[in-house]
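Student: I have a model open on my screen. Can you show me how to read it?

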2 protein chains.
Amino acid sequence: MTPREPVERLSVDAVADAVRADILRGTIAVGEALRQETLAQRFGVSHIPVREALRQLAAEGLVSIRPNRGAVVASLSPDEATELLEIRCTLETQLVRWALPQADADIHARAAASLDLSERTADVDRWMEHNWTFHSTLYERAGRPRMVSMIRTLNNQIDRFIRVLLSRSDYRYRAQEEHRAILAAYRLGNEVAVCSLLGQHLLDTSKQLAAVIEQGNAGLPPGGR
Amino acid sequence: MTPREPVERLSVDAVADAVRADILRGTIAVGEALRQETLAQRFGVSHIPVREALRQLAAEGLVSIRPNRGAVVASLSPDEATELLEIRCTLETQLVRWALPQADADIHARAAASLDLSERTADVDRWMEHNWTFHSTLYERAGRPRMVSMIRTLNNQIDRFIRVLLSRSDYRYRAQEEHRAILAAYRLGNEVAVCSLLGQHLLDTSKQLAAVIEQGNAGLPPGGR
DNA sequence: CTGGGTCACATCATATACAAAGTGCACCGT
DNA sequence: ACGGTGCACTTTGTATATGATGTGACCCAG
């Protein structure tokens, strides 16, 4: 009667989850090869589930599969990064418009809490986590689960590079400032201000991100994709 | 020197493309089982590429895989359909805002041409095709290829149901009217009007679509997903 | 040296065969 | 009629073999 145990999922999913986590954390560098045999051994499965997992990750934009040459951790051009953030911006502002009228004290408190937590932690992983919680709390009340999960997928594609941003610039400080401004306007229910600030925040992020990627690629041989 | 031949793609992609086409055309009905062995025989391959192709299609939202029970053509709840069209609406209106200032006589002419073509054809497949051309021409000049392909993927998930809509209601007539109004405002460069009309058009579509799906599901046993 | 060609090796892509596990259904005895 | 049992079918995964493809080292000619 109790909802059954997680049922020991398919090994394809287990492999996909593990590799996805590695990619998101930056454990595997951009452009690094993902050899089927190696992954199969690491996870104690044959290469068949590995192939399927890689294809899954390719669909999520995290790896790129080059026929007959194997899979590598996907790179991201400055153009792509910019466009991904534009999409995110478009969707997020719309979500906030829907959510704002429904926002209550609970939402305000939780958004503020994740902001505080992100301020206090030194750990990059934690910061990313709290950052996501902050953003997603803002539009939780919009009740658009698929839209949120779509934004989540978009985010996964850029998180690795945001991570670089965090270590190389004052991005974190500026983001924090911008988040506070967004939350202030959000509390007041000022839709125009929230959307404008949020848009500015993501535009700002996109600019810095494109710069970091450009600069990062400068050190690599061309044709990295 | 000449751009090399299509290179006879991987059989995984061949299978995925063929099955995708079948699903989009409605050749395979919603909820119908996609048995690995059957597909393998039809395409003259083993079950391994078939599995990968199915997983690929699952990532695109066209089939749903139930662990240990196989793959079926994905269904769509009214809620999901509505949300998908909301996403599309959000992205399309933004794209049109970017594209409108760049639109020239060529764009106007091509949009009008696809509208005319869609008016004249009796074939449903053709209508769908011209419909897509019309929409995508409107924001071609936005120069956001990834955003467009994202919309394309969203569309693939709902096209099968639009098809039903076409055969069961006056949707086609209304859509044509709405398209003409959109194009008129577009020619004038009236951003506000275009976005408003486009939003209305997609909202209208979403309403009718949700109704059709609801009604369609009424005839099916529950728990179809 | 240097450019080009060749060859061996690593890896991928797919096939085949088979084992294990889950689902659903039919059958059977009560 | 009804609840349990077992079987058949399917999916999932492994093991292994084979062909195809790309990579890089090596060698030879100029």
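This is a predicted model: local features need pLDDT of at least 70, side-chain atom pairs count only at pLDDT 80 or more; totals for chains, interfaces and linings use all residues.

Student: What holds strands together in a sheet, and in which senses can they pair?

Tutor: Strands of a sheet pair through backbone hydrogen bonds, either parallel or antiparallel. In chain A, three strands form an open sheet in the order β1-β3-β2, and the pairing is antiparallel.

Student: Which strands of chain A stand at the edges?

Tutor: β1 and β2 of chain A do. Each has a single partner strand, so one side of each lacks a neighbour in the sheet.

Student: How many bridges join β1 to β3 in chain A?

Tutor: Two bridges join β1(A), residues 33–34, to β3(A), residues 70–73. A:A33 stands opposite A:V72.

Student: And how many bridges pair β2(A) with β3(A)?

Tutor: Four bridges, again in the antiparallel sense. β2(A) spans residues 63–66. A:V63 has A:V73 as its bridge partner in β3(A).

Student: What should I look at in the hairpin of β2(A) and β3(A)?

Tutor: Look between the strands, where there are three residues. A:N68 takes a positive phi there, near 65 degrees. A:N68 is also listed among the residues that come nearest to DNA strand C.

Student: Where does α3(A) lie relative to the strands?

Tutor: α3(A) lies across β1, β2 and β3 of chain A. Relative to β2(A), the helix runs at about 115 degrees.

Student: Now the DNA. Which residues come nearest to DNA strand C?

Tutor: There are 19 residues around DNA strand C. A:R51, A:N68, B:S11, B:S46 and B:R69 come nearest.

Student: Which parts of DNA strand C lie within 4 Å of the protein?

Tutor: Sort the DNA atoms within 4 Å of the protein by type. Sugar or phosphate accounts for 83%, and bases for the rest. A polar side-chain atom of B:R69 lies 2.4 Å from a phosphate oxygen. With B:S46, a backbone N or O atom lies 2.6 Å from a phosphate oxygen. For a base, turn to A:H47: a polar side-chain atom sits 3.3 Å from a base oxygen.

Student: Which elements give two or more residues to this surface?

Tutor: α3 of chain A, with α1 and α3 of chain B. The largest share, three residues, comes from α3(B).

Student: How do the residues of the surface divide by type?

Tutor: Seven are nonpolar, nine polar and three charged.

Key. Residues are numbered from 1 along each chain as its sequence is written. Chains are lettered from A and ligands numbered from 1 in the order in which they are written. Side-chain values use heavy atoms; hydrogens and water are left out. A residue is near a molecule or strand if one of its heavy atoms lies within 4 Å of it. A polar contact is a pair of N or O atoms within 3.5 Å; within protein, one must be able to donate a hydrogen and the other to accept it, and residues adjacent in sequence count only if both atoms are side-chain atoms. Ala, Val, Leu, Ile, Met, Phe, Trp, Tyr, Cys and Pro count as nonpolar, Asp, Glu, Lys and Arg as charged, and the others, Gly among them, as polar. Two strands pair if DSSP finds at least two bridges between them. Contact means heavy atoms within 4.5 Å. Axes are lines fitted to C-alpha atoms, for helices over the stretch in contact, and angles run from 0 to 180 degrees between N-to-C directions.
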